[in-house]
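Subject: Structure handover

Hello,

Here is the structure I promised. Please open it alongside this note, and my findings follow below.

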Amino acid sequence: GSKMSKRIVQIECCKAFKNRWFFISLIISGVFAFCGAYIMISNYFFRIDMWKLLMDENGVFIKNPHVNAETVFNSWIGGDVGTWSASTFFFLFPMLAVVPYGWSLISELKSGYIKNIFTRMDRRDYLRAKYLAAFLAGGVSVVLPMLMNFLTVACFIPMRMPEASEDMYYGVFGGSLWAEIFYTCPILYVLLYLVLDFVFAGLWATVSLSVAYFVKNKATAIFGPYLFLLFFHFVTSVLFVWDLRVDVTPINFIRATEITYPSNIWIILAELALLVVLDIFVLYRGEVKDVL
């Protein structure tokens, strides 16, 4: 019944959030987020010192210091295009989402634990709870450090309103995804990207669960989807970058700034829907047939 379902969800979420791999993923994400914040804040104070060179003896700027370019919205990890920490974080983002709990189903299949579970509880409830737990753990492990990065940077760098005339400093241009929101309500823009990243991270974590139905090797279930994503990233953002004129790779569209070309919300939704369809298909097979 529903009470049992709730209990299974609690058990699975406990397993997802209280295992060492969740904390390992959170720590790795946190290190990149902290390094990014430290670099951007240090650079900001360095540039403030440089502003003195652009002033006359009365403290009036003799050259445009582009003060509006100094804002939290292009200094937090999502809007940061220049540092190694941000680039590495987003490159590893899908992997870090899988690490907390994406491996759990294949582990339980190999150990035989799953057979014992199915004798005691409804197969459908168990599988759905596992997918939900993997989704939540995957999302939290990467988006929580992003949020902490934003709040840390906001303590030092002002929330200046971005100006459309300074778009080269933000990497958000006229055709960029949610550009109008960025220049009118940048906080909402940041929140939209955090939600998008949470959904992508969560769904990507569940993909590894689904792959466990088709492969019996733990490393393949965890690294296989990621290697496929890297191949897709290479093909679309390196080989055919001049032909596509739109960013289709998740490794780029999870960043809150334009990397090569604008991201398209319909392409993003289609790719997320594809992950959902894969999960539903596999869940249906797992619930109906004795494929485990």
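Which residues does Leu 105 touch, not counting residues up to four places away in sequence? The contacts are Ile 114, Leu 127, Lys 130, Leu 209, Ala 212 and Tyr 213. Keep in mind that this is a predicted model.

**Overall layout**

The chain has 13 helices and 0 strands. The C-alpha trace spans about 80 × 40 × 30 Å along its principal axes. The chain holds 292 residues, and 49% of them are buried. Its accessible surface comes to about 14,300 Å². Carbon and sulfur atoms account for 70% of that surface. Now take contacts between residues at least 6 apart in sequence: 73% of them join residues at least 24 apart.

**The core**

The largest nonpolar core has 77 residues. Helix 6, residues 123–154, gives the most to this core, with 13 residues. Leu 105 is among the residues with the most contacts inside the core.

**Salt bridges**

A search of the whole structure finds 3 salt bridges. In general, side chains of opposite charge can pair when their charged atoms come close.

Start with Glu 12. Its side chain meets that of Lys 15 in a salt bridge, at 2.9 Å from N to O. Both sit in helix 1, residues 2–17. They are 3 residues apart, so about one helical turn separates them. Is Glu 12 buried or exposed? With a relative accessible area of 2%, Glu 12 is buried. Lys 15 is partly exposed, at 25%.

Glu 12 also meets Lys 130 in a salt bridge, again with an N to O distance of 2.9 Å. This pair links distant parts of the chain. Glu 12 is in helix 1 and Lys 130 is in helix 6, 118 residues apart. Lys 130 counts as buried because its relative accessibility is 1%, under the 20% limit. Lys 130 is also one of the residues that Leu 105 touches.

The remaining bridge joins Glu 70 and Arg 47, with the closest N and O atoms 2.8 Å apart. This pair, too, links distant parts of the chain, 23 residues apart. Glu 70 lies in the loop between helix 2 (20–51) and helix 3 (84–98). Arg 47 lies in helix 2. Glu 70 is buried, with a relative accessible area of 7%. Arg 47 is partly exposed, at 31% relative accessibility.

**Cysteines**

How many disulfides does a search of the whole structure find? It finds 0. Cys 155 is in no disulfide, and the nearest cysteine sulfur, that of Cys 35, is 18 Å away. Cys 155 is exposed, with a relative accessible area of 62%. Cys 185 is in no disulfide either. For Cys 185 the nearest cysteine sulfur is that of Cys 155, 20 Å away. Cys 185 is partly exposed, at 35% relative accessible area.

**Surface patch**

Which residues make the nonpolar surface patch of about 450 Å²? They are Phe 234, Val 238, Leu 239, Phe 240 and Leu 244. Helix 10, residues 218–239, brings the largest share of the patch, with 3 residues. Val 238 is in helix 10. Its relative accessibility is 45%, so Val 238 counts as partly exposed.

**One backbone point**

Most residues other than glycine have a negative phi. Trp 178 is not a glycine, yet its phi is positive, about 60°. Where is Trp 178 found? Trp 178 is in the loop between helix 7 (167–170) and helix 8 (179–184).

Over to you.

Best wishes

How values were computed. Residues are numbered from 1 along each chain as its sequence is written. Side-chain values use heavy atoms; hydrogens and water are left out. Patches are made of residues with over 30% relative accessible area and no salt bridge: like charges are joined within 9 Å, nonpolar side chains (Val, Leu, Ile, Met, Phe, Trp, Tyr) within 5 Å. Accessible areas come from the Shrake-Rupley method with a 1.4 Å probe; for residues, only the protein chains shown count as cover. A salt bridge is a side-chain nitrogen of Lys or Arg within 4 Å of a carboxyl oxygen of Asp or Glu. Helices (H or I, at least four residues) and strands (E, at least two) are DSSP runs, numbered from the N terminus. Buried means under 20% relative accessible area, exposed over 50%, partly exposed in between (1.4 Å probe, protein chains only). A nonpolar core is a set of buried Ala, Val, Leu, Ile, Met, Phe, Trp, Tyr and Cys residues joined through side-chain atoms within 4.5 Å. Contact means heavy atoms within 4.5 Å. A disulfide is a pair of cysteine sulfur atoms within 2.5 Å.
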